[in-house]
Amino acid sequence: MNATCTTSSASDSISMADIDASCRVPVFKLFFCSAVWLVIASVFGLLASLKFHAPNFLADCASLTYGRLHPVATNALVYGFGVQAGLGVALWIIARLGQTKVSQPWLIAVGSKIWNIGLLVGVIGILLGDSSGFENLEIPRYGVVFLFLGYLLMAFWILVTLHHRKERAMAPSQWFLLAALFWFPWIYFTANYLLLSHVPVRGVTQAIIAWWYSGNLNLVWFGLVGLAVVFFFLEQSMKRPLHSRHTALFTFWTIILFGSWSGIPVSAPVPAWIPTLSMVATVVTLVTALSVMANVQRTCAGGCAQAEKITGGKFLTFGTMAFVIAWVMNAVSAVPGISSITNLTWFTVAQWQLNIFGFFAMTIIGAIYYILPKAAGMDWPYAKSVKRHYWLAALGVVLIVLPLAIGGIMEGLNWRKFMMTDVDVARGTLNFLRISTLGELLILLGNLMLLANVTVLLVRYAKLHFLPVYKDAIAELKPAEVKP
Amino acid sequence: MKFGPLVFLAAFLALSASWCGFVLTPQVQLGRLTQETNSVVKAELYPAGRPGLARQGLEVYRANGCAYCHSQQVEQKGTLVDVMLTDAGKTSVQVAKVLNDAQLGSFSGPSVGAGLPKAVLKGADIDSATILAAALKKAGAGTELRLVSTGPDIQRGWGMRRTVAEDFIYDATVMPGSMRVGPDLANVGERRPDLNWQLVHLYNPAAVNDKSPMPSYRFLFERRKLGQAASPDALKPIGSFVPPEGYEILPKPEAKALAAYLSSLSSDTPLYEAPLTPPAATTNAPAK
């Protein structure tokens, strides 16, 4: 089903501009906040990265130690930008595909408010040393409550919007988004309840649950939402439906069936069946990457340049390619023999960065560049900076992922050379890390451009729509001339 | 997959399966692990809980995100067996014949008995080792099997066996880590038992570990003007570390706790699920 060709079918159909306008409040709120978090994430990522240039940099301040800067950067990226902007894009796609106005846009904006309060409290908690100690779940208990409630509020009204759709049959993007909307609260509640409640589970079960959560978040949630966006915009820009719904269905099933079992490292100190099962599932996700590649390629049918013509289209193309590479990297690095080298090295960080930033964030940034002007009904104030942001971000991702992947493989091989001291192995990765700092810097510059663009757009919108109203309200009224 | 309920059902089933697999089953299997007697020294319970200060140290380890750079998971590729000859017996000629037949060298009756106990077969799989041991025993010799763990981590000296679930049952927060920017810490308490080394290393890693890229954790320490006498807690000179003239460096309580935690990290005890023969084992240690 393609959104562009159904508007004229029914007489009672709502115009596209109305739908976009109904998204305005939540989309402004979600995209502005996520742009802010994206900048925060890259600032903290850059600070953390600088520690590899000078180990004594900021060493006198507990809040600025690497072990606190790094989780703040990842949490800001994952929850501040990723989940938040992902929900914003999901909302807009669901409204567009469903040919329906957003239900309760203000409540979604309130949900986003609660989410941001939780995240802010959580990040401050991490900086003060209250991190929970579980990767991707560092936000302390008092922040989690807000995040969870905020998510429920947002997701509920997005689901209601989905329910009100005009066309009952669902497009692939809608399957992916629906599954993702249900997925997050389940994994988030399970993990936080079992790890951070007053009676947490004991022993390595904690670690298994944390890994399970991370696998489900990084592969399943980000995979489902990111691919929904990729598929939607592919249909939009190519002006034709996906080449094969069956292949999309196959992609969907492999993600939810196998992606959800991935994430437990081969060396985990747990009974062998757990990493083995996880390894098998992770290797199988190779077919997910291939099925997406085949479907996208067939849909483009050689005319991929057309997909890049829409605003932000380049980001989406980059994101799609990054998806395929990141998932292939993930599947290949799970193969026994390879995994014992890449496991616990910078290679895994490269893969994570490629998946979260290269694929998901790039895709979503592209979508933001497309959606926000439509929702606001005005063009980007700095239209040229979209292209500049693309080049900065693309180069930044390459400069982070490539050195870290190579450095990680070298590190893994060096750990096996028993004559090399631990310090020598660690130092062997430093130059790769230092190149990645440059990547972080480029990404930061790009993210600042996005934030500037979004802020100025919102200010202009406010000037255009609120200022006249405000001026009217405070205008000095001339006493009416009374004619006798 | 056209309709909402179907998509929901698919997602529900897939997630339930993974939830049962990686949340419920591990909890059933591992959630109630308790202390257990280990396989070599029957009277010893494992693991012993950490001392109180070390438990506070775990909180410092968590708060400062040590696990982002250090893992606590030693990987093991397999277990190999060394066959030790402890006693040549009365018929050493026959023992020598068994060894010569197995092409383990050319022994004569008297040379077999020299330098006992000695390894006659190294790094064998369990089957060939037991066959040889049975043959030697039949010839009247005393033998012993030694279990040796193998794998890069173990050869690097990070531990003598792989890390297992049992090692973590008393930790409030389990942080096996996901990255090795620096070395694995599963047995750092065995490698670096000196508390002063640990503290100085936290204060200035490069002072005791030349060119170490680890960040300094100076914020865990206090610089104080030297009084009449040096405080007993003050960091003592080690490596290239000397306190600045007229000052002493005192660890804050967090630093002491963290050092206590690091020195409590040790997971070399042989267990049923990860057997090994400790190198210093007495000759009558039962071979498993």
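**Figure 1. Lining of the second largest pocket in the predicted model.** In this predicted model, the lining of the second largest pocket draws at least two residues from each of α3 (66-98) and α16 (422-428) of chain A and α7 (188-191), α8 (195-203) and α10 (253-264) of chain B. Helices (H or I, at least four residues) and strands (E, at least two) are DSSP runs numbered from the N terminus. A pocket is an open set of points on a 1 Å grid over the protein atoms alone, with protein on both sides within 12 Å along at least five of seven lines, and lining residues have an atom within 4 Å of a point. The volume of the second largest pocket is about 750 Å³, a volume being the space filled by probe spheres set on grid points that are joined across faces, edges and corners. Its lining comprises 36 residues, and those closest to the centre are H70(B), P183(B), L185(B), H201(B) and M214(B). α8(B) provides the largest share, four residues. By residue class, the lining holds 20 nonpolar, 11 polar and five charged residues; Ala, Val, Leu, Ile, Met, Phe, Trp, Tyr, Cys and Pro count as nonpolar, Asp, Glu, Lys and Arg as charged, and the others, Gly among them, as polar. Residues are numbered from 1 along each chain as its sequence is written, while chains are lettered from A and ligands numbered from 1 in the order in which they are written. Local features need pLDDT of at least 70, side-chain atom pairs count only at pLDDT 80 or more, and totals for chains, interfaces and linings use all residues, with side-chain values based on heavy atoms and with hydrogens and water left out.

Figure 2. Rolling a probe the size of a water molecule over the atoms shows where empty space is left. A cavity is a set of grid points where a 1.4 Å probe fits but cannot get out. The structure holds one cavity of 30 Å³ or more, and the volume of the largest cavity is about 140 Å³. Of its 14 lining residues, S340(A), W415(A), E75(B), D153(B) and R180(B) lie nearest the centre. α13 (339-342) and α15 (384-415) of chain A and α6 (152-155) of chain B each contribute at least two lining residues, and α13(A) gives the largest share, three residues. Four nonpolar, five polar and five charged residues make up this lining.

Figure 3. Side chains of opposite charge can pair when their charged atoms come close. D60(A) and R218(B) form one of them, with the closest N and O atoms 3.0 Å apart. This pair crosses between chains, linking the loop between α2 (24-50) and α3 of chain A to the loop between α9 (205-208) and β6 (221-225) of chain B. D60(A) is exposed at 57% relative accessible area, and R218(B) is partly exposed at 25%; buried means under 20%, exposed over 50%, and partly exposed in between (1.4 Å probe, protein chains only). E75(B) pairs with K77(B) at 3.2 Å, N to O; E75(B) is buried at 13%, whereas K77(B) is partly exposed at 48%. D153(B), R180(B) and D184(B) are linked in a network of salt bridges.

**Figure 4. Backbone geometry at three loop residues.** Most residues other than glycine have a negative phi, and most peptide bonds are trans. The peptide bond from Y46(B) to P47(B) is cis, with omega near -10 degrees, and P47(B) lies in the loop between β2 (45-46) and α2 (52-63) of chain B. Q99(A), not a glycine, has a positive phi of about 55 degrees. Q99(A) belongs to the loop between α3 and α4 (105-127) of chain A and is buried at 7% relative accessibility. L344(A), likewise not a glycine, has a positive phi of about 65 degrees; L344(A) is in the loop between α13 and α14 (346-376) of chain A and is buried at 2% relative accessibility.

Note on methods. Salt bridge = Lys/Arg side-chain N within 4 Å of Asp/Glu carboxyl O.
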